[in-house]
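The sequence and structure come next.

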Amino acid sequence: MPSYAPILLLILVAIALPVVIWNTSRLLRPSWPSAAKASTYECGIVTVSEAREKFTVRYYLVAVMFLVFDVETVFLMPWAIQMKELAVFGLVEIGIFLFLLLFGYGYIWSKGALTWE
Amino acid sequence: MPFAESLWGNLVQDLPLLVPVLFLWIVGTLMLWPLGSWLLKSMPKRQWSGITFVVLLVTLVLVFRTPAGQGFSGMFQVDGLTTGFQILAIVAAAITVILSQPQLNALKEQSVEYYALILFSTSGMMLLVGATDLVSLYMALELMALCIYILVGYLREQDRGIEAGIKYFLLGAFSSGLLVYGMSLIFAAAGGKTTNLAALNQALALAPRNAELMIFTGVILVLAGFGFKVAAVPFHMWSPDVYDGAPTPITAFLSTAPKAAALGAFVRLFGTAFNGVHGDWAAPLSFMAAASMILGNIAALRQQSMKRLLAYSSIAHVGYMLLAVLSHDAQAGAQAIWLYMLTYLLMQGGVFAVIIYLQGKGEGERIEDFRGLSKRRPMLAFAMLVFMLSLGGIPPMLGFFAKFYLFKLAIEQGFVTLTVLAFLTSAISAYYYLNVVATMYFKEAPEGEAQPMGSGLSIVVFATCLLVLVGTCLGPWLMDWTARIVLV
Amino acid sequence: MHMTTWLIPLLPLFGAAIIGLLGRKLGRIAVSVIGVGVVLLAFAFTLRAFVLAGSAPDHRLASCSFTWMSTGNLSVPMGLVFDPLSSLMALVVTGIGALIHLYSVGYMWEEEGFARYFAYLNLFIFFMLCLVLGNSLPLLFVGWEGVGLCSYLLIGYYFETDYAPAAGLKAFLTNRVGDLGVLIGMMALFAHFGTLTIAELLTKVGHLSPEVGFGILSFATLMLFVGACGKSAQVPLYIWLPDAMAGPTPVSALIHAATMVTAGIFMVCRLAPLFQLAPITLSVIAWVGGITALFAATIGLVQRDIKKVLAYSTVSQLGYMVMALGAGGFAAGFFHVFTHAWFKALLFLGAGSVIMAMHHEQDLFRMGGLRAKLPITFWTMLLATLAIMGFPGFSGFFSKDEILYLAYLRHPALWVIGVAAACCTSFYMWRLMALTFWGEPRDPHAYEHAHESPWTMTLPLVILAVGSVVVGYLGVPEAFGGHFAIGRFLEPSLSFGQLHAHEGHHEGPAILLACISTVLGLGFGLFGFLSYRSGTALAESRAARFPTLHRILLNKYYVDEGIERGILAPVRGLGRLLWQVGDVIIVDGIGVNLPAALARLGGEFLALFQTGRVRNYTLGMVLGALAILWIFFK
């Protein structure tokens, strides 16, 4: 299967590259470890707790909502470009699409997902 | 603008095929907002089950009125198989809705979302059984499954419920991955030009010889994906845990509706698209069927939890039904599955109604809780007896009729060894079914009395029990219906 | 039309369901109204079907049927057929059934299980109608088994006693022997003709010529006759019927006298063209019938229990009917079924009335002088007695005479047997009447409190009495200037092309024979009456003179004891052997417990894989898919 050879090559290279780089740098660099150096780097500020912190679930909600509207723009973009060709049909389609999103928006709103306190 | 106009025309022309599904979508969406969470906010939540039930009835009527035909560029088709399995899905959903009402009341967990999710999931099933394209098939499958993931983990306060939900979601996502990967391999092997099932069949026949491994791998992966959905061995491991952890009405739903829909799509996919490569999947599928029958029945023997028992027994029943999927004649297979699934639906509905009935004080989960039921609630015990006998396939119950029809088909199709195995394992199943009966009739009742829960349950128990009991007398009528499951 | 005919059997079923399920809540009045009402309605619909069938061109009305089951080349239709035979029988079943239901309201009013009783009784009517109206042998067999079941349930109605359940069991088991015969006969017919629909079967048979030797027809018909022997209590399977008197008296009247026990005769008539072609079977039937008639009649001479006397009388009369069938007189046999239904039901109901008046006393020797106390019962029973003994002008006279004449044509010895049985019949009937209604009251206390029964009980008595007198005129034999109308009426059902050869041509000896038998019968009747009119002293002295004969008769020829020692004891021994060796060790141990233990172990093993961890499950799926890929790729 000659046609798959480049892919195999790519995989090999991809695996080899980090191994090579990491080992090279380890061999070349000086190594004087200390407690301060080994600790997590956080914008130069002293770390206060573990990295695995619990976030309030609202962040996720916001993230999900953001995703929905993000995807919305992904759909709106091509329609905007092809608007003239698609004409009424396209308008109705995108209208339905937006309408559905609007329903979802209404739903989460009335569910209180947007109230933050 | 001819392009847009033709799109518009096609849409208008094809839309009638989807009227029941659209109806479910619109009603479900409206239920969420603005009705459920704004306009009718002060209405008692439990009334939504009644509304949902009516909605499902209307959908049923719409299904009956939907004309046969094909549309959406060959992505969706309404034929006998579609209509028949859509009916199964709706009936299963309707039973679930009735069962849910008292259970959620007792747990104080009523909400509009629950019922809306059932509606959306049902709509997914309705699309699934009519899907004639890999893409629409996959999309429908996901629509169905996503809603069920949430429903399984619906009881957020219970660890077991959440665990089940997450487990089901993770494994489901994984199996979806297998399915899509398989589909993509098939698509590629068939020349990468079509995803339409009928066209795929032709394309696969013309595929070059060196694509054989690709086709085989693709078919097996798709088989694995469907095997997961219908819980066939070795892709069954989720089902006991999920059945156990899910809210009981959802367990009832899970063991009937998605199974019916997935089996319908299974038959259509393998009967049309993979018809030409029957040799590729016949042996693996018969292995899966045999393994399901054996494992399901044997593992059920030692269960103490009623829901786990039903989970394993459901694996076994799927094993029997896979015999029909194997059939060279996809239409006959679909008919046998339809009949079997119909009776299975009634029996499961009844059994779960009884379980929920007993769950008033946390009973009903364990087989032990059925002790002395014949003394405490003789009618209920009798109904349970009927269901158990029917599940065991003992004449003259309806279960026997369906099993007989299924096995007859399998014999006619030449799967003699598998059918003999089915008979033998079916004999094993009598043990654990009758064990429940023995517990009800010959063991002393524990102290205390369960609270009866709602009249809807009694209606379900009564109706299903009656149907299971006298259904065989409706034989000709049932056969008449079965004959309408036509695969175009 | 279609709907109403289906309602005929379904109405009683419906009644049985309602009463059976809701009986206790309904109360006695509602139960009575439903129980009697559904049968009356069924009677009305039957009457309508009867009239419509009569006006149909071929005297036949088939209610549209559907296929009940279809496997291989066996296809069993489910449908009703009304032809002269079945519609007449259905009229008897529903008509007399309705009267007995009405009677039961009075008779059973005080009983604990009033609703249960009516549920069973309605169920019985349903199954009997299935049997009678069914258009295929399987449907007939369903009815056949169903009436057996109801009979069992009703015999064992007083289940708290010892003897009633035992009697029910005996009836059931004895009938099973016969049922096996019916099954074998059915299978033989199916194997040979490939159909079990009665009409098709008879059409196919119509093209055959009579068998000369012993062939498939002889075999099948003999097997069917074994079934008839069981149901219609013929020698040697008659033993259950006397014991069946343990049930309530109206049940004895309806099931064990008027309808169910005649099912065997009905079946033979139903398949008459088949039997006509099997001469060997016919002669077996004739002799079995004759022997039964005489045998049972002699036992009846000495019984002291009023119902036992009637029971043996029934066996004897059934023997008569069977003898008629064997002589080729299907119409005559069925005619006797018809007349017998009236007067024997009446006798039983009358006996029930007496028993109730005497506070459940059934011993004839403790009755006496009840004539004045129970006038209606007395007069109606008198009419019935005249009918059964064949008093000229009463119904029994015509039907019995026809049978005796046919027996004579078949073989003079059969005639002699028949006349002897008739003499015995006259004797024991008049003995019964004399002991019950004449003489001094032998139990003064009970006599004091005796009183006539309520109208629900006497009304059926009167109606049945009228019937007992007049129904005979439906079939006045040609010897007496009649046309044997019932024979002509039944002809379309009983023959396909070939008319019954014997019937219809009454020549010289007919009247002479009739005179001889009638005079003898009257003489013996008078003898019996005079012997017992003044009490039991005369009878006891006579019994003392022939102690052996009396003992043998009183113990019913020791048949039950013989069966116990000769058949049941060995069978029980064999059963014990099979149980301890075959069942406990081989079947239970090696056959059941061993695989069960293995299966359970397998379950334990499989449970090891159900860890509950998602990662294990995922691995399982992947390994499964890989295994399938690995194993099955060619």
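Chain B and chain A meet through 11 residues from chain B and 10 residues from chain A, where contact means that C-beta atoms, placed from the backbone, lie within 7 Å. On the side of chain B that touches chain A, helix 1 (2–14) and helix 2 (19–39) of chain B each give two or more residues; helices (H or I, at least four residues) and strands (E, at least two) are DSSP runs numbered from the N terminus. Helix 2 of chain B supplies the largest share of that side, six residues.

This is a predicted model, in which local features need pLDDT of at least 70, side-chain atom pairs count only at pLDDT 80 or more, and totals for chains, interfaces and linings use all residues. Residues are numbered from 1 along each chain as its sequence is written, and chains are lettered from A and ligands numbered from 1 in the order in which they are written.

The contact between chain C and chain B takes 23 residues from chain C and 29 residues from chain B. Strand 1 (61–71), helix 25 (559–607) and helix 26 of chain C each give two or more residues to the chain C side, and helix 26 gives the largest share, 10 residues.

| Helix | Buried residues |
|---|---|
| Helix 10 (residues 238–245) of chain B | eight of eight residues |

Among the elements covering the buried residues of helix 10 of chain B are helix 7 (159–189) of chain B and helix 26 (614–632) of chain C.

Notes:
Contact = placed C-beta atoms within 7 Å. Buried ≥ 20, exposed ≤ 12 C-beta atoms within 10 Å, placed from the backbone.
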